[in-house]
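Visitor: I would like to learn how to read a protein model, one feature at a time. Could you begin with the general idea in each case and then turn to the example?

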Amino acid sequence: MFFSRTLIPTLKENPAEAEAVSHRLLLRAGLIRKLASGIYNYLPLGLRTLRKVEAIVREEMNRAGAQEVLLPAVQPAELWQETGRWQIYGKELLRFKDRHQRDCCFGPTHEEVITDLVRREVHSYRQLPLNLYQIQVKFRDEIRPRFGLIRGREFIMKDAYSFHADEADAEACYQAMYEAYNAIFRRCGLTFKVVEADSGPIGGSFSHEFMVLADTGEDLLASCTACAYAANLEKAEAPAPAVSGDAPPPGPPQEVATPGVRSVEEVAAFLQVQPQEIVKTLIYETEAGPAAVLIRGDHEVNEVKVRNLLGATDLILAGPEQVRELTGAQVGFAGPLGLAIPLYADQAVAALPRMVTGANRDGHHLTGVNLARDVNPVRVADLRVVTERDPCPRCGRALTILRGIEVGHIFKLGLKYSQSLKATYLDAEGREQFIFMGCYGIGVSRIVAAAIEQGHDADGIIWPAALAPAPVVLIPISLTDAPTREAAGKLHDDLEAAGLEVLLDDRDERPGVKFKDADLLGIPWRLVVGPKTLEKGQVELRHRRTRETVFVPVGDASRFVREKLSQELYG
């Protein structure tokens, strides 16, 4: 591969549009170019890395017994209407009509399509189990696409779906996919953590996310410092606090004037109490109507937990007008007493013997409120975000909060889709049974970005050897020097004959420009051929990640690079 004949439009300056490190470097290195918001062209070197990710995914999925298929990107609305997701998936679903005015969507995922295929083709327990996967373009109409390939609207995904006669077999497949995913991300050279996760709009009873750890990651996860427990912050369990032995206040709540005092900090200072003694009353709009959530003043509400508890698809914090309509007061003075809407309390609130709440009257709060005596919520549950101050829910040791990028997600779907789409089989006794299902996704294009977020420095990308567009960049110092030119040409041919991809920088550019581009592109090994080293029968070899430089005999260069790469790839 010759630099001069390959489309590699590197940039010297950082693009103004790019916020994330990976987005900036993908553009600067000439790996992608933007077509529209959240939609990108892959240029030759970017596509090379993408194909390497796909190859690793494909090999491990095949090794685990999955079969590759290719499903349509355009899906009829009827299938989504059967599962109910046409109404509830939201605006991320790109809907349109064909020329016959039939409703369609561009697939963001393929549970409906694959289940429809299986219900038509699988009729007997003898045809199960079955694990089908594809690597395909998906589209989700994100309201704010950002960070380049990390959260685009169009992306490339590997999605697999398994079908089983019983739950035990589905569980075995889930574990096999768990192991396959670990193998995939290890082979990609990524540092990652597996965490318990919320299943979101895909559904199902349980799921795990695979997170590439990076300081720039948009996801937060709680990880125990002592045991194996780890969970996405949306899913992480807050331990139930011990109920205080203090008796509730003897008298009814007392109304106190708090003019102009709204925030937790302001109320705590004004009343000379601790923030944890104050309870916030948050009012949400759901499709079933408004509901109130009680959360301690020093805690944050976890809206994913609230949504799951309420079984809500839409969960929107009520605006000022609606708060006044329901409470009679401005935002900041809402309280649970007298509210004629369902009330749900976090378990940390239930442990308080007395609390301060809004009085549903402008400029006033209530003191001495007791949850059981004065409020009687519909339900008490874990509804808050965990913090590093919380103990691990498994072993009680300290938690740490890490940042990560989700690159994989596996789900136990159970009967969610087979029941709604009536996907059944006949068992050994001839009885009709619903098929158990699992679902397993990998963000193929997101892995490309995540690898850069994890591997970069001030000079550019630092690719893991398995994902680099080429493992070696070959730089002749002077193309006008015949011995240098000839030695570089022979090295190029020798390396390719040894099965190594090589980028030969044959441009008429200064060595410094070539070195900068090599670092920007993140090629693992830089092989430099120059007149001075050739006089000694040597070439210069530099490792991108460690910056270690060695001089090796020209005749040994191919073998030396091959051995070094083998060590990086296989240990």
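Guide: A residue counts as buried when its relative accessible area is under 20%, as exposed when that area is over 50%, and as partly exposed in between, with a 1.4 Å probe and protein chains only. In this predicted model, 51% of the 571 residues of the protein chain count as buried. Because the model is predicted, local features need pLDDT of at least 70 and side-chain atom pairs count only at pLDDT 80 or more, while totals for chains, interfaces and linings use all residues. Residues are numbered from 1 along each chain as its sequence is written, and side-chain values use heavy atoms, with hydrogens and water left out.

Visitor: How many helices and strands does the protein chain have?

Guide: Helices are DSSP runs of H or I with at least four residues, strands are runs of E with at least two, and both are numbered from the N terminus. By that rule the protein chain has 17 helices and 31 strands, and its C-alpha trace spans about 95 × 65 × 50 Å along the principal axes.

Visitor: At what angle do the axes of helix α2 and helix α13 cross?

Guide: An axis is a line fitted to C-alpha atoms, for helices over the stretch in contact, and angles run from 0 to 180 degrees between N-to-C directions. The axes of α2 (residues 44-63) and α13 (residues 444-454) cross at roughly 115 degrees and come within 9 Å.

Visitor: Which residues of α2 and α13 meet there?

Guide: Contact means heavy atoms within 4.5 Å. On the α2 side these are Thr-49, Leu-50, Val-53 and Glu-54, and they meet Val-444, Ser-445, Ile-447 and Val-448 in α13.

Visitor: How many aromatic pairs does a search of the whole structure find?

Guide: Rings of Phe, Tyr and Trp (its six-membered ring) pair if their centres lie within 6.5 Å, and planes under 30 degrees apart count as stacked, over 60 as edge-to-face and the rest as tilted. The search finds seven such pairs. One of them joins Trp-80 and Tyr-89 edge-to-face, with 5.4 Å centre to centre and 85 degrees between the planes. Trp-80 is buried because its relative accessibility is 0%, and Tyr-89 is buried too, with a relative accessible area of 11%.

Visitor: Why is the pair of Phe-185 and Phe-210 called tilted?

Guide: The planes of Phe-185 and Phe-210 stand at 40 degrees, with the ring centres 5.7 Å apart, so the pair is tilted. This pair links distant parts of the chain, since Phe-185 belongs to helix α6 (residues 167-187) and Phe-210 to strand β10 (residues 206-213), 25 residues apart.

Visitor: Which residue lies over the face of Phe-3?

Guide: A charge sits over a ring if NZ of Lys or CZ of Arg is within 6 Å of the ring centre and within 35 degrees of the ring normal. Arg-507 lies over the face of Phe-3, at 3.8 Å from the ring centre, and Arg-526 lies over that of Phe-515, at 4.1 Å.

Visitor: What should I look for in the backbone?

Guide: Most residues other than glycine have a negative phi, and most peptide bonds are trans. Here a cis peptide bond joins Leu-128 and Pro-129, with omega about 5 degrees, and Pro-129 lies in the loop between α5 (111-121) and β7 (130-139). Gln-272, which is not a glycine, has a positive phi of about 55 degrees.

Visitor: Is Gln-272 buried or exposed?

Guide: Gln-272 counts as exposed, because its relative accessibility is 72%.
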